[in-house]
Amino acid sequence: MSVTLFNIEGKIALITGSTHGLGMAMARGLGLAGATIIVNGNSSQEKIDIAVSKYQKEGIDAKGYKFNVTNEQEVITAIAKIEVEVGSIDILINNAGIIKRTPLMDMEVADFKEVIDIDLVSPFIVSKHVVKGMISRKQGKIINICSMMSELGRNSVGAYAAAKGGLKMLTQNMATEWAKYNIQINGIGPGYFATIQTEPIRIDGHPFNDFIINRTPAGKWGDPNDLAGAAIFLSAKASDFVNGHILYVDGGILATIGKPSNED
Ligand code: GCO
């Protein structure tokens with residue numbers, strides 16, 4: 001029974017921003033569990049090809065598609081191409097995102113808008129066009145990658161927090177409107193993970209590095225592979241009655257007020 005509950009073999013999963021980082025880790029988890037992975041990026045075809053070969057070297061059925069998730073026409077064209085060349089998209093993970101660490105007072109409006117555009121508007125655009133097929137088939141899984149900043153503020157990441165807070169509510173509203181079609185829309189809220197995006201604040205001796213180690217009950221930065229289980233759960237039959245839920249994978253950060261640095 002448990003195998004069926006978590007069996008995603010043969011499912012087709014599109015993971016935006018899956019050429020590296022958390023997107024790649026989640027996509028790899030789904031791929032190793034038997035799903036076909038649609039790799040997406042917008043930087044260069046070469047980066048996508050390199051990522052696809054990494055997946056394939058692990059025996060994962062992976063295909064790459066370069067498109068800009070903020071450009072609705074590119075999204076429409078790419079989804080149509082994927083559905084012809086690979087098949088219907090069963091699982092969508094809206095992972096593509098950026099962060100700009102600038103105090104709000106100093107932030108250019110254009111920079112603020114860019115973060116909102118990529119981190120909040122693009123999940124709307126991609127979901128709006130993927131969900132049409134899911135509605136016609138009366139089944140599908142959408143997972144929006146939220147953040148600690150969906151719940152908490154932090155100095156210098158105001159635009160990102162506004163986007164991720166909005167993404168939490170967008171997830172809940174997608175569930176409100178689409179759950180009746182047997183589509184489950186949830187979020188994953190990663191805590192602080194060791195990725196390229198967090199490299200600048202993770203170096204030994206950086207005050208933020210010490211802060212996170214102390215603020216996280218597990219006492220460490222997350223390993224991106226720790227997200228695979230949550231992605232598989234929210235992509236499988238096991239979550240068929242879970243909707244509008246943000247599953248935090250954060251080592252316990254949101255469970256605690258934290259402790260003084262001199263406490264064990
Ligand atoms: C930061 C970090 C965070 C994490 C993650 C936490 O600057 O605070 O980059 O944004 O990446 O989003 O959930």
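# Notebook: a predicted model

**Asn186.** I looked up Asn186 and found it buried, with a relative accessible area of 0%. Buried means under 20% relative accessible area, exposed means over 50%, and partly exposed is in between, with a 1.4 Å probe and protein chains only. The model is predicted, so I note that local features need pLDDT of at least 70 and side-chain atom pairs count only at pLDDT 80 or more, while totals for chains, interfaces and linings use all residues. Residues are numbered from 1 along each chain as its sequence is written, and side-chain values use heavy atoms, with hydrogens and water left out.

Asn186 is found in strand β6, residues 183-190. Helices (H or I, at least four residues) and strands (E, at least two) are DSSP runs, numbered from the N terminus.

Which backbone nitrogen does the side chain of Asn186 reach? That of Gly244, at 3.1 Å. A polar contact is a pair of N or O atoms within 3.5 Å; within protein, one must be able to donate a hydrogen and the other to accept it, and residues adjacent in sequence count only if both atoms are side-chain atoms.

I then listed what touches Asn186, leaving aside neighbours within four places in sequence: Ile142, Ile143, Asn144, Thr171, Leu234, Val242, Asn243, Gly244 and His245. Contact means heavy atoms within 4.5 Å.

**Helix α4.** I checked the length of α4, residues 72-85. Its 14 residues at 1.5 Å each should span 20 Å, and the end C-alpha atoms are 20 Å apart, which agrees. The expected span is 1.5 Å times one less than the number of residues.

Which residues of α4 are buried? They are Val75, Ala78, Ile79 and Ile82. Seen down the axis of α4, the buried residues fall within an arc of 100°, so they line one face of the helix. The arc is that of the directions from the helix axis to the C-beta atoms. The buried residues of α4 pack against β2 (36-41), β3 (62-66) and α5 (109-137).

I looked at both ends of α4. Asn71 caps the N-terminal end, with a side-chain oxygen 3.0 Å from the backbone nitrogen of Gln73. After α4 comes Gly87, whose phi is positive, near 140°.

**Aromatic rings.** How many aromatic pairs does a search of the whole structure find? It finds four. Rings of Phe, Tyr and Trp (its six-membered ring) pair if their centres lie within 6.5 Å; planes under 30 degrees apart count as stacked, over 60 as edge-to-face and the rest as tilted.

One pair I looked up is Tyr192 and Trp221, which is edge-to-face, at 5.8 Å centre to centre and 85° between the planes. The pair links distant parts of the chain, 29 residues apart: Tyr192 is in the loop between β6 and α7 (207-215), and Trp221 is in the loop between α7 and α8 (228-235). Tyr192 counts as buried because its relative accessibility is 13%, and Trp221 counts as buried at 11%.

I also looked up Phe208 and Phe211. Their ring centres are 5.6 Å apart and their planes are at 45°, so the pair is tilted. Phe208 and Phe211 are three residues apart in helix α7, so about one helical turn separates them. Phe208 is buried, with a relative accessible area of 9%, whereas Phe211 counts as partly exposed at 42%. Tyr192, Phe208, Phe211 and Trp221 form one aromatic cluster.

Next I looked for charges over these rings. The charged end of Arg154 sits over the ring of Phe208, 4.0 Å from its centre. Arg202 lies over the face of Trp221, at 5.9 Å from the ring centre. A charge sits over a ring if NZ of Lys or CZ of Arg is within 6 Å of the ring centre and within 35 degrees of the ring normal.

**Ile201.** I found Ile201 in the loop between β6 and α7. Is Ile201 buried or exposed? At 8% relative accessibility, Ile201 counts as buried. Leaving aside neighbours within four places in sequence, Ile201 is in contact with Arg101, Arg154, His206, Phe208, Asn209 and Trp221.

**Positive phi.** Most residues other than glycine have a negative phi. I noted Lys138, with a positive phi near 55°. Lys138 lies in the loop between α5 and β5 (140-145) and is partly exposed, with a relative accessible area of 46%. I also noted Asn182, with a positive phi near 60°. Asn182 lies in the loop between α6 (158-178) and β6 and counts as partly exposed at 37% relative accessibility.
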